[in-house]
Amino acid sequence: MAKQTDDNLIALLTPQEKIALTTGSGSWNTAPIDKLGINSVTVSDGPLGLRKMVEGGTLPAVALPSAAKLACSFDMETARKYGVAVGEQARAENVDVILGPAVNIKRDPRCGRNFEYFSEDPLLAASLASAYIEGATSQGVGVCVKHFAANNQEYGRLVCDSIIDERALREIYLSVFERIIKQTNPCAVMCSYNKLNGEYCSQNKWLLNDVLRTEWGFKGLVMSDWGATDDRVKGIKSGLDLEMPQGDVTDVEKALEDGSLEAAELDVAVRRVIDLSKQFKSMSARSVDFDKQRDLARKLSSECTVLVKNNCGLLPLNKSDKIAVIGALAEAPVYQGYGSSKVNADNHDSLLAALKQANVSFTYAQAYDVDGDNDDELVAEAVAVAQHADKVILIVGDKPDTEGQDRDSWSLPSNQLKAIDAVTSANSDVVIVLQCGSSIDSSFSHAAKAMLIDYYGGECSGQALCDVIFGDTAPQGRLAETWYLNLPKTADDFGKDYHRALYKESIYVGYRYTSTANVDVAFPFGYGLSYSEFKWGAIAITHRDKTKITVTVPITNVGKFVDSEVVQVYATNCDCNSFVERKKLIGFARITLKPKEKKTATIVIPTSELEHYNVGQGKFVLNGGRYIITVGKNVEDNRFTDEYAISGDNNTEDMSNELACYYNIDRDFCPSDEQFAALYGKSFEEAPQAVNVSTPLNDIGNNLVAKIVKARLTRNMDNKSAKYTLAMPLRSFVSATFTREMLFTVIDMLNGAVFKNLWKLFKQYLACKKAAKQQPKTGK
Ligand code: BGC
């Protein structure tokens, strides 16, 4: 076939073919149009190791450490290697586009997907995700950056409206995406489930067309998150090219027919799907070396482990020490989270297995049951084992975090807290190893001499821990999120309302809050100790002009381990008329040094990092005035400060009277709805609506039909599952046995027309039963 331009191709497509192209073909493919040589694109989760679903299950793959752990590397080369590994896995299984990385900001430690996300800081998250993307795409596969945007909680994620003032949106939540798009030009972006400032992201023209495409220059395709479509026609008009997975196209057909959707509008989406498929036309599979991948998973996990406490140099231990290992997670580790990023890792290890393999002798006690209540017997056994050992490795953590649910609590389960108490009283040389998806209340750490934060270490987490505990590899991680002593007061509202989440804290997310409000933390952002010792030479700003600042730090490894140091540069904008955070990360570099080795860390920072978003002008601006540049090992380390003056205008409006509570924040910072409304500038109340496809199950009313529907859809569920199910929109219950037609009939009944629809529903039910018998299942 002669090579045709896309315009010619599009002209050759029938309306049905065009419609087919803009929705999935099944769960993981786009539709092929064989007659025109348009091939199907295969997409697959997941960003933390491939999760390719095939008939009968998921293909085995290597589970790498979670993104939360990778982020602790503060190192682009590490992230690039990680991306290469995922790219190799995808390439080996003929996957064209990886559904990831997931780059949402960690707004609250209880978000169930934090383990998949990188950081609370947009610069750090974007730098690492960009390196990951460069690695993955070097293997010839594409990536789909997700979830665009402001999907920072799981409760009510399919309906919840993230209400964010424009400044915080631009500087924090969109900034991470903006940086990635501009730096890596990915082939696809996945819109998130939630609404953003009143409109579903899947049909948010401002977000998908005005910002992503017009402002940032994104040229690729936007696909929906799985089942995120509310109004497909509006989505097409607003820049959502591909609905995933395969959806009902009746609305699009009707709209084309009656002219409410113009052919040209559909063509825009069609062209982007064809463009995507052209990129992956000639990809062939390559084999992947699983052993090499596992070696990488082990190395990354050990290096990214964060040492947050090491009194008296307790770590590393000696293999000949009399060691007790305590905690059920030593046998059955939490090495990955659940949901769409869960890898079928058929070969995962454990700390106990790794210790045996390394010929380390130890005694073991379970101490707690991960699924159980307090068990005094288990604790007594653990105490006895601890008493007879010189050194204790006590491993704790909660059940795996998961997509679709937030954590119930910010603390470890009480049976584990009891075990920690008892074991640390029985032995003074305890190393706590903490496996968790994201930060938790770590106030128990005072009782132990040493503590390692392992996050989710991937399938080789046991060997990786063993390497760290005995010093074969130094833990080189730095915390990519704040470990609070107490959650901020603004977090009180988290996960309470599935209708909307008011981001009242505005820009004060994580360390931006703690550093500005002067709040004590358990472990600050950027924090991590080392096995080796480093000598920092004279820190200097060696270059400064209107466009960039260069910071240099000569560092010598004067200790005994190959180890890394992370230099972090923060800025304070002293003269801005708007409210500002006291510290903002503007640059960082990790350098790895052998013992006695010396290198100079050089960090070149564009002055655009000092900008803030001027809402009045609708753009980022660099205001004139003084900036304090701080260089240190973490956000609280002020070992070097220097002032830097920039000439220029100070045009940002001073709102210190109207928004006083945002200008002077302290530990009690917690704006009221009214104070937040003043910042947000619009009303966030929603007018009541009749029941429709996106009405949350809980909101369908209380007539008899509603009661039956709710009871049926939450049947046999525990309280938590019922709570999450009630926060789901009606459209998400459509299935092979409950069709869209049936849903519409039920909606009419919920809106009052009960009797006239009973017979209709019954007939639809019979038809659907018959059809279901004849059709194979195509669900996710
Ligand atoms: C998740 C996405 C994922 C998709 C496909 C959704 O539930 O939010 O992150 O890529 O499913 O599995």
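This briefing covers the aromatic rings, the ligand site and some single residues of one structure.

The model is predicted: local features need pLDDT of at least 70, side-chain atom pairs count only at pLDDT 80 or more, and totals for chains, interfaces and linings use all residues. Residues are numbered from 1 along each chain as its sequence is written, and side-chain values use heavy atoms, with hydrogens and water left out.

**Aromatic rings**

- Rings of Phe, Tyr and Trp (its six-membered ring) pair if their centres lie within 6.5 Å. Planes under 30 degrees apart count as stacked, over 60 as edge-to-face and the rest as tilted.
- The count by this rule is 25 aromatic pairs.
- One of them joins Phe74 and Phe588. Their ring centres are 5.6 Å apart and their planes stand at 80 degrees, so this pair is edge-to-face.
- The pair links distant parts of the chain, 514 residues apart. Phe74 is in the loop between helix H3 (67-70) and helix H4 (76-92), while Phe588 is in strand E24 (residues 584-593). Helices (H or I, at least four residues) and strands (E, at least two) are DSSP runs, numbered from the N terminus.
- Phe74 is buried, at 1% relative accessibility. Phe588 is buried too, at 9%. Buried means under 20% relative accessible area, exposed over 50%, and partly exposed in between (1.4 Å probe, protein chains only).
- Ring pairs join Phe74, Tyr511, Phe525, Tyr570 and Phe588 into a cluster.

**Charges over rings**

- A charge sits over a ring if NZ of Lys or CZ of Arg is within 6 Å of the ring centre and within 35 degrees of the ring normal.
- Arg107 lies over the face of Tyr503, at 3.8 Å from the ring centre.
- Arg167 has its charged end over the ring of Phe579, 4.8 Å from the centre.

**The ligand site**

- An N or O atom in the side chain of Arg113 is 2.7 Å from an oxygen atom of the ligand.
- Lys146 has a polar side-chain atom 2.9 Å from a ligand oxygen atom. For His147 the distance from a polar side-chain atom to a ligand oxygen atom is 2.7 Å.
- Taken alone the ligand exposes 310 Å², and the protein buries 99% of that. Accessible areas come from the Shrake-Rupley method with a 1.4 Å probe; for residues, only the protein chains shown count as cover.

**Single residues**

- Thr78 is in helix H4. Thr78 is buried, at 5% relative accessibility.
- The side chains of Thr78 and Asp75 make a polar contact (2.6 Å). A polar contact is a pair of N or O atoms within 3.5 Å; within protein, one must be able to donate a hydrogen and the other to accept it, and residues adjacent in sequence count only if both atoms are side-chain atoms.
- Gln153 lies in the loop between strand E5 (142-148) and strand E6 (161-163). Gln153 is buried, at 6% relative accessibility.
- Lys560 lies in the loop between strand E22 (548-557) and strand E23 (563-573). Lys560 is exposed, at 75% relative accessibility.
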